Amino acid sequence: MPDFFSLLDWESVAATHGRENLGDSLPVLVYRLMQYGLHDHLAKLFSPETAQEVLRGAGALAGKALSENLLDATLPFSQFISSLQKTLKDLKIGILRMEESDLENGNFTMTVSEDLDCSGLPVLGETICYYDEGFIAGALEAYTGKPFQVKEIDCWATGDRVCRFHASIVKS
């Protein structure tokens, strides 16, 4: 089975040639059709927990790849986060805000507003941003070199108006 992040270089993944008429933008609807269609299919084939873990894993690969290719991990942490905030906003993924930051112990709490995954969805009674959990973990790992566990603690789908995540270094 191919590992596309190793088969395709960053320029190939980010390429827009071949889309001269349509460009690099697409509606949120299309993204959500892919994400939730994939989630539901995996949940039916395996289990809801497996579907969630697959989305987290894919998010981690994407967050790490984006950070390694578009961000500078040699910057001081606050500048790295500022760059990540700008990139996420420019790419229309969401608006990241750091609420609590303890780099020394590897604990962070952050919010994402206007989240691509869930902003505007009805209240479902549970958090649903599994891909975002992985994405944030991958971005933090790209900066620190250490694996992170990220858990969504508030979500639009639970009635909140931002998604809130707690991130901590995985202790070995």
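**Exercise 1.** State what the charged end of R161 sits over.

*Solution.* The charged end of R161 lies over the ring of W156, 4.1 Å from the ring centre. The criterion is NZ of Lys or CZ of Arg within 6 Å of the ring centre and within 35 degrees of the ring normal. The model is predicted: local features need pLDDT of at least 70 and side-chain atom pairs pLDDT 80 or more, while totals for chains, interfaces and linings use all residues. Residues are numbered from 1 along each chain as its sequence is written, and side-chain values use heavy atoms, without hydrogens and water.

**Exercise 2.** Classify the ring pair of Y131 and F135.

*Solution.* Rings of Phe, Tyr and Trp (its six-membered ring) pair if their centres lie within 6.5 Å; planes under 30 degrees apart are stacked, over 60 edge-to-face, the rest tilted. The centres of Y131 and F135 are 6.4 Å apart and the planes are at 35°, so the pair is tilted. The structure holds 5 aromatic pairs. Ring pairs also join F77, F80, F108, Y143 and F148 into a cluster.
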